[in-house]
Amino acid sequence: MYTEKTTVKCESGLHNKQATYFIQKANDFRSSIWIEADERRINAKSLLGVLSMAIVTGTEVTLTAEGPDEEDAVKTLVSLLQKELF
């Protein structure tokens, strides 16, 4: 299991286009991936789950992955969340 915390810097948070792109990237990995914010934990590969969290700019999130490519998955997704636009 690999875990990393980050602060969302994307201009509009994880909504609409950004959420869709984030989930597409998460689905590129074989590992199970979760995103946690405000004591809620959801599957990072679920569009409805990610949208329901209403993650905005400045939100601190924790990404956790478990599987054969767990470290690469978390690092890739964290780097997305740290960009202002993606």
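I began with Glu 71, which forms a salt bridge with Lys 75; their closest N and O atoms are 3.4 Å apart. My cut-off for a salt bridge was a side-chain nitrogen of Lys or Arg within 4 Å of a carboxyl oxygen of Asp or Glu. I searched the whole structure and found 1 salt bridge.

Before going on, I noted that this is a predicted model, where local features need pLDDT of at least 70, side-chain atom pairs count only at pLDDT 80 or more, and totals for chains, interfaces and linings use all residues. Residues are numbered from 1 along each chain as its sequence is written, and side-chain values use heavy atoms, with hydrogens and water left out.

**Helix 3**

I placed the pair next. Glu 71 and Lys 75 both lie in helix 3 (residues 70-81), 4 residues apart, about one turn of the helix. Helices (H or I, at least four residues) and strands (E, at least two) are DSSP runs, numbered from the N terminus. Glu 71 is partly exposed at 40% relative accessible area. Lys 75 is also partly exposed, with 40% relative accessibility. Here buried means under 20% relative accessible area, exposed over 50%, and partly exposed in between (1.4 Å probe, protein chains only).

**The core**

Which residues touch the most other members of the largest nonpolar core? I found Phe 22, Ile 33, Ile 35 and Leu 63, out of 25 residues. Helix 1 (16-26), strand 2 (32-37), strand 4 (60-66) and helix 3 each supply at least two residues of this core. Helix 3 gives the most, with 6 residues. I took a nonpolar core as a set of buried Ala, Val, Leu, Ile, Met, Phe, Trp, Tyr and Cys residues joined through side-chain atoms within 4.5 Å. In soluble globular proteins, nonpolar side chains tend to be buried together.

I then listed contacts of Ile 33, leaving aside neighbours within four places in sequence. Among them are Ala 26, Ile 42, Ala 44, Thr 64, Ala 73 and Leu 77. Contact means heavy atoms within 4.5 Å.

**Strand 4**

Thr 62 has its place in strand 4. I found Thr 62 buried, with a relative accessible area of 13%. Its contacts, leaving aside neighbours within four places in sequence, include Thr 3, Lys 5, Trp 34 and Ile 35.

**The hairpin**

I followed strand 2 into strand 3 (residues 40-43). The two run antiparallel and are joined by 4 bridges. Two strands pair if DSSP finds at least two bridges between them. Ala 37 has Arg 40 in strand 3 as its bridge partner. The strands form a hairpin with 2 residues between them, and Asp 38 in the turn has a positive phi of about 50°.

Glu 39 lies in the loop between strand 2 and strand 3. Glu 39 is not a glycine, yet has a positive phi of about 65°. I checked its surface: Glu 39 is exposed at 81% relative accessibility.

**Other checks**

Most residues other than glycine have a negative phi, and most peptide bonds are trans. Asn 16 has a positive phi of about 45° and is not a glycine. Asn 16 belongs to helix 1 and is exposed at 62% relative accessibility.

Last, I looked at Trp 34. The charged end of Arg 41 sits over its ring, 4.5 Å from the centre. The test was NZ of Lys or CZ of Arg within 6 Å of the ring centre and within 35 degrees of the ring normal.
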